Amino acid sequence: MRSRHDENHYVDRAGWLRAAVLGANDGILSTASLIVGVAAASAERDAVLLAGIAGLVAGAMSMAAGEYVSVSSQSDTERADLARETAELATDPAGEQEELVQIYIRRGLDPALAGEVARQLTAKDALEAHARDELGMNEITAARPVQAALASAASFAAGAALPLATALVAPVAGLPVSVSAAALVFLAILGVAGAKAGGADPVKAALRVTFWGALAMAATAAIGALSGTMV
């Protein structure tokens with residue numbers, strides 16, 4: 001039965017929220033920038049859409065692979081630390097318990113209480129106590145490579161589909177402007193949604209993401225226009 005004092009904290013969402021927001025933001029921005037750059041070079045709609053689709057597929061796979069490798073490295077480090085801690089607990093249990101005592105004293109407990117807390121937590125699950133209080137590892141921050149990879153790939157594809165859909169319906173002559181404007185709206189909405197999900201300031205998040213998005217698309221549009229005049 002759920003206690004009336006149980007709470008849902010924003011930090012509980014940190015792992016998947018970070019991967020999802022990063023993936024969607026990258027999907028919108030990189031695909032929109034690619035489309036704007038190709039469209040600015042005076043390419044036909046088919047070429048623009050082909051570039052956008054290629055960017056969506058390549059980006060989603062790249063995000064999944066990069067996230068999996070990165071988070072797997074974190075997971076490997078966590079396992080190595082836990083293995084080392086397990087060995088130390090087996091060879092020097094008294095010394096390891098004293099480590100916990102000193103940690104709790106530094107956090108503000110008096111020595112007697114710190115000793116009792118360390119004794120009880122060690123009796124319950126010594127490795128868990130050291131993982132949490134000595135190494136800073138817990139269930140919220142635990143590395144989950146597959147979850148991170150899937151969240152990044154799915155969110156990238158969802159984000160990339162938005163400027164791609166805009167390129168499909170917007171007039172060819174105004175593609176750079178239409179896709180840029182739509183992408184900035186999508187980025188602002190994403191910034192607000194991510195901020196609300198994480199308990200942050202939505203206005204600041206929206207301004208931050210739209211500023212960098214506009215800068216990136218302006219750069220690719222300039223390169224595309226320059227390439228178009230040189231061909």
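## Surroundings of His130

In this predicted model, His130 touches Glu85, Leu89, Glu96, Gln97, Glu99, Leu100 and Leu135, leaving aside residues up to four places away in sequence, where contact means heavy atoms within 4.5 Å. His130 belongs to helix 4, which covers residues 111-133; helices (H or I, at least four residues) are DSSP runs numbered from the N terminus.

His130 is buried, with a relative accessible area of 0%, the term buried standing for under 20% relative accessible area with a 1.4 Å probe and protein chains only. The side chain of His130 also makes a polar contact with the side chain of Glu85 at 3.3 Å, that is, a pair of N or O atoms within 3.5 Å, one able to donate a hydrogen and the other to accept it.

## Helix 2 and helix 3

Helix 2 (residues 45-91) and helix 3 (residues 93-106) have axes that come within 5 Å and cross at roughly 115 degrees; axes are lines fitted to C-alpha atoms over the stretch in contact, with angles from 0 to 180 degrees between N-to-C directions. Glu85, Glu88, Leu89, Ala90 and Thr91 in helix 2 meet Pro93, Glu96 and Glu99 in helix 3, and the residues of this contact divide into 3 nonpolar, 1 polar and 4 charged, with Ala, Leu and Pro among those counted as nonpolar, Glu as charged.

## Annotated spans

An unreviewed UniProt entry lists "transmembrane region" for residues 20-41, 47-69, 148-169, 175-193 and 205-226, although such annotations may be inferred rather than shown by experiment. Residues 47-69 are 100% helix and 0% strand, with end C-alpha atoms 32 Å apart, and residues 148-169 are likewise 100% helix and 0% strand, their end C-alpha atoms lying 32 Å apart; strands (E) are DSSP runs of at least two residues.

## Basis of the values

Residues are numbered from 1 along each chain as its sequence is written, and side-chain values use heavy atoms, with hydrogens and water left out. Local features need pLDDT of at least 70 and side-chain atom pairs count only at pLDDT 80 or more, whereas totals for chains, interfaces and linings use all residues.

Key:
Buried means under 20% relative accessible area, exposed over 50%, partly exposed in between (1.4 Å probe, protein chains only).
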